[in-house]
Amino acid sequence: MVRKNLVWSTLIAICFCMSFCLVSCKGGGKKTEQETVKQVFTFSNGTEPETLDPGKMTGLPESAIAINLFEGLVTLDPQDLRPIPGAAERWEVSGDGLVYTFYLRKNAMWSNGNRVTAHDFFYSWKRVLEPATASEYAYQAYYVKNGRAYNTGELKDFSKVGLKVIDDHTFRVELENPTPFFLDIAAFHTLMPVNEKCVEKHGDKWTRPENIITNGAFLLTEWKPRDRIVLVKNNDYWDAAAVKLQKVTILPTDDENTYFKMYEAGETEWIKSVPLPQIPKMKKRADYHATEFLGTYYYLFNVTRKPLNDPRVRKALNMAIDKKQITEYITKAGQIPTATFTPKNIPGYKPPEGLPYDVDRARKLLTEAGYPNGKGFPKLTILYNTSEAHRAIAETIQQMWKANLNINVEIYNEEWKVYLKDTSSLNYDIARAGWIGDYTDPNTFLDMWVTGGGNNRAGWSNKRYDALIAEAARTIDQKKRIKIFQEAENLLINEEMPIMPIYHYVNVNMIKPWVKGIHFNIRDYHPMKYVYIVKH
């Protein structure tokens, strides 16, 4: 997920006619609804994407584009999120769960006309693991045998990593340990293929429209920063016959009020969030949708800075926040206030109880840390990426800390790219963050906090925690595995607290009734391959 950020588009027009019809005795026939309606879609995607390189992207706005331009060995069914064939038409798993053999489609093509082969996946996965690539999501390939060792520099010989090209259309992956969710990982954007010749020829400019080569259902034809990204149907895609949309326009903006006005004016047909003041009114409309989501809104503490290096201070800040007030009076869309990081909608996993809202205990902890009634406490700052909702939450927390702990904090915002840079380099005190699960397993929420993890942006390190996550990865017995995760999360949210969970997300969307094929799932996974327009 990501850290993953949650800020989030207009059906305009171009012609889509398929003229193969049933013929009557006079040579005529009716065209279907999808043949007579222009299959063009425009949606608001939140902030400007940081990159369109799947191996380097970290956020949902980027991933929402990547799943249309690129296709991994596996994709997900948007209705139930089960893994389904993508660039690989089938796969086999060894009896011990350690070896996956993927058989690629012989009609899977790059947009330059070349075939997609096992060599492309070998190159792409190796590129993610190369230390020089600096992929923050490289740990998604740590399930591969020796993937971690190579990425961290412990191993120099890549031939010992569990990736092998058997032939042009057979790719074999050997894992460190049996990993029940590995097919989900294989569908994740980090492990999507990139074209080697394109990347090597154009370097950092390979994702520009004039250079990029892709293998997904759509092609990138235009990218005007802060204005629009335009995709068109890829007629050479192996499953092009199933793709209805001819053109997709993606509008990036941080301003919820702007894209809400555009939606109301008919300039965009899908928006992924609603301005806070509009939510009570919009809830009454049929085009408003709020559904369960696999994600958590939280604050990061930079534990490398005083006084945030003291767990007592971090706990005090957490226990002085009335999270229920935030969800009831600010967000208002059904978000669930939480003291835990892992959501409760992961089957089979019950997270431990976290620290409650308790002002008296918070004051006592702050006193123990050397700041009685806030005396001597330095002025800290809360960083958030530009959004009215993030600002409103930060202001409320600012007021709560002043009222309950007598401490002063400042708040400031940055545009998405700068925010990502500053949080990843620990250039902040306290920062707003959000994480959406990459797959439906507690590991996707808990393994990100290991020492040196690509998305561990708190600067936190704990040997016991690292050992627990490593032990969970080796554990096949699911009951034992769950207990290990519970112990790890208890350490994270009750003992150390490098992060402050605030609430679990709901998926808030507004979408025009003639847009079909979008299924609101807990991972916010919406490939345009399945979307089409029906107007009566």
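**Note on the predicted model: burial, salt bridges and overall form**

1. Asp441 and Arg481 are both buried, where buried denotes under 20% relative accessible area, exposed over 50%, and partly exposed the range in between (1.4 Å probe, protein chains only). The two residues form a salt bridge whose closest N and O atoms are 2.8 Å apart; the term requires a side-chain nitrogen of Lys or Arg within 4 Å of a carboxyl oxygen of Asp or Glu. This pair links distant parts of the chain, 40 residues apart: Asp441 is in the loop between strand 16 (430-436) and helix 14 (443-446), and Arg481 is in helix 16 (residues 478-496). Helices (H or I, at least four residues) and strands (E, at least two) are DSSP runs, numbered from the N terminus.

2. This is a predicted model, in which local features need pLDDT of at least 70 and side-chain atom pairs count only at pLDDT 80 or more, whereas totals for chains, interfaces and linings use all residues. Residues are numbered from 1 along each chain as its sequence is written, and side-chain values use heavy atoms, with hydrogens and water left out.

3. The salt bridge count comes to 23. One of these joins the side chains of Glu410 and Lys379 at 3.9 Å, N to O. Glu410 lies in strand 15 (residues 409-414) and Lys379 in the loop between helix 11 (359-368) and strand 14 (380-385), so the pair ties together parts that are 31 residues apart in sequence. Glu410 is partly exposed at 41% relative accessibility, while Lys379 is exposed at 53%.

4. A further salt bridge connects the side chains of Arg228 and Asp227 (3.6 Å, N to O). Arg228 is partly exposed, with a relative accessible area of 27%; Asp227 is also partly exposed, at 35%.

5. Asn114 is located in the loop between strand 5 (99-104) and helix 3 (118-129). Its relative accessibility is 38%, so Asn114 counts as partly exposed. Apart from neighbours within four places in sequence, Asn114 is in contact (heavy atoms within 4.5 Å) with Ala108 and Met109.

6. As to the whole, the protein has 16 helices and 19 strands. Its radius of gyration, taken over C-alpha atoms, is 24 Å, close to the 24 Å that the globule rule (2.2 Å times the number of residues to the power 0.38) gives for 536 residues, so the protein is as compact as a globular protein of that length. Of the 536 residues, 59% count as buried.
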